[in-house]
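The following note sets out some points to consider when reading this structure. Please keep the sequence and the three-dimensional view at hand.

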Amino acid sequence: MTAAHEDLGLTHIGADAHAGLEIVHEYEVGDIVAEATYPLTRESLVRYAGASGDFNAIHYRDDVAAEVGLPGVLAHGMLTMGLAIQPVVDWLGDPALVADYQVRFTRPVVVDPVTGAEITVEAKIAQLDEEAGTARVDLTVSVEGATVLGKAQVRVTLP
Amino acid sequence: MNPDLIDHEFEKTSPYLVGREKVREFSRAVFASNPVHLSVEAARNAGYPDLVAPPTFAIVVQQLTLDQLFTVEDAGIELTHVVHGSQQFGYSRPIVAGDELTAQLRVTSIKTLGGNAMVTAETAVHDVDGEHVVTATSTLVVRGDA
């Protein structure tokens, strides 16, 4: 489940030729910098459809979802990707500090008409470059304990 | 899937004007609560000319180019058989309300796996001054089984 964490980079904690160099950032690899939970309902899907212009019927019609062999109405992958970075933006305080964001869509998120679905996001520092002031933050995005995004990585400039 | 798509020259899209209310609407839809997405005053206090779009807003502009891809004659892509495999955004700067953005698509790779095809579509987005804003890359799996 956390295979993406195997290629952890080395931590640079300001170890440098300059004597007395201050540690600018207090972060370490493995730190969880943000966590959040998002309750999705069918209304969330309709709202995202309207906002994004993605009106694929598998995101709001049970009959169409069943017809194409899906286990139910699914959240847009881009909705999951879009909300999963929000805790990181809140931690950074400025969206301009996000340099690159990528995900793989590995498991569909079924949104029940009555109970919806709950997406949890955990953002952890996976690589740190103290000199450059940058980090790679890996997101664990899951529904009922199963991850729904793979290789969900954000490259950021540290705040 | 038509392998010639790699060489296909896609036209730049006509300018997309990023509207302030569209940014608010999209922000609410992706649960973006940072004030720079919702309050013009907060955005200006943070040094932006207007509301800042959330990071994945670029998909709205990229979608215009994917629509071009899906309507290429002989592309061999049946929309109901397309699955979104992965997505990436590389930013030069955030998108801000008032931006006029043009996008241009390039198909960078087509791989065939069994009956399925995997196409990588890279969309470069530039502002009205020709400066790079974001590159959005989608990997689409085109199922050949139905």
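Which residue stands opposite Phe89(B) in strand 2 of chain B?

1. Tyr101(A) is the residue opposite Phe89(B). It should be kept in mind that the model is predicted. Strand 2 of chain A, residues 98-105, pairs with strand 2 of chain B in the antiparallel sense, over 5 bridges.

2. The contact between the chains involves 29 residues of chain B and 28 residues of chain A. On the side of chain B that touches chain A, helix 1 (20-29), helix 3 (58-70) and strand 2 (82-91) of chain B each give two or more residues. Strand 2 of chain B provides the largest share, 8 residues. This side of chain B is made up of 15 nonpolar, 11 polar and 3 charged residues.

3. The largest nonpolar core contains 70 residues, and Ala84(A), Val98(A), Val137(A), Leu139(A) and Ala58(B) have the most contacts inside it. Strand 3 of chain A (residues 117-129) gives the most to this core, namely 7 residues. In soluble globular proteins, nonpolar side chains tend to be buried together.

4. Beyond its neighbours within four places in sequence, Ala58(B) is in contact with Phe89(B), Ile95(B), Val125(B), Val134(B) and Ala136(B). A second, separate core has 10 residues, including Leu66(B), Leu69(B), Val107(B) and Val142(B).

5. Gly130(B) is located in the loop that lies between strand 4 (116-126) and strand 5 (132-142) of chain B. Gly130(B) counts as exposed because it has 7 C-beta neighbours inside 10 Å, and the cut-off for exposed is 12 or fewer.

Key
Residues are numbered from 1 along each chain as its sequence is written. Chains are lettered from A and ligands numbered from 1 in the order in which they are written. This is a predicted model: local features need pLDDT of at least 70, side-chain atom pairs count only at pLDDT 80 or more; totals for chains, interfaces and linings use all residues. Helices (H or I, at least four residues) and strands (E, at least two) are DSSP runs, numbered from the N terminus. A residue is buried if 20 or more other C-beta atoms lie within 10 Å of its own, exposed if 12 or fewer, and partly exposed in between; C-beta atoms are placed from the backbone. A nonpolar core is a set of buried Ala, Val, Leu, Ile, Met, Phe, Trp, Tyr and Cys residues joined through C-beta atoms within 7 Å. Two residues are in contact if their C-beta atoms, placed from the backbone, lie within 7 Å. Ala, Val, Leu, Ile, Met, Phe, Trp, Tyr, Cys and Pro count as nonpolar, Asp, Glu, Lys and Arg as charged, and the others, Gly among them, as polar. Two strands pair if DSSP finds at least two bridges between them.
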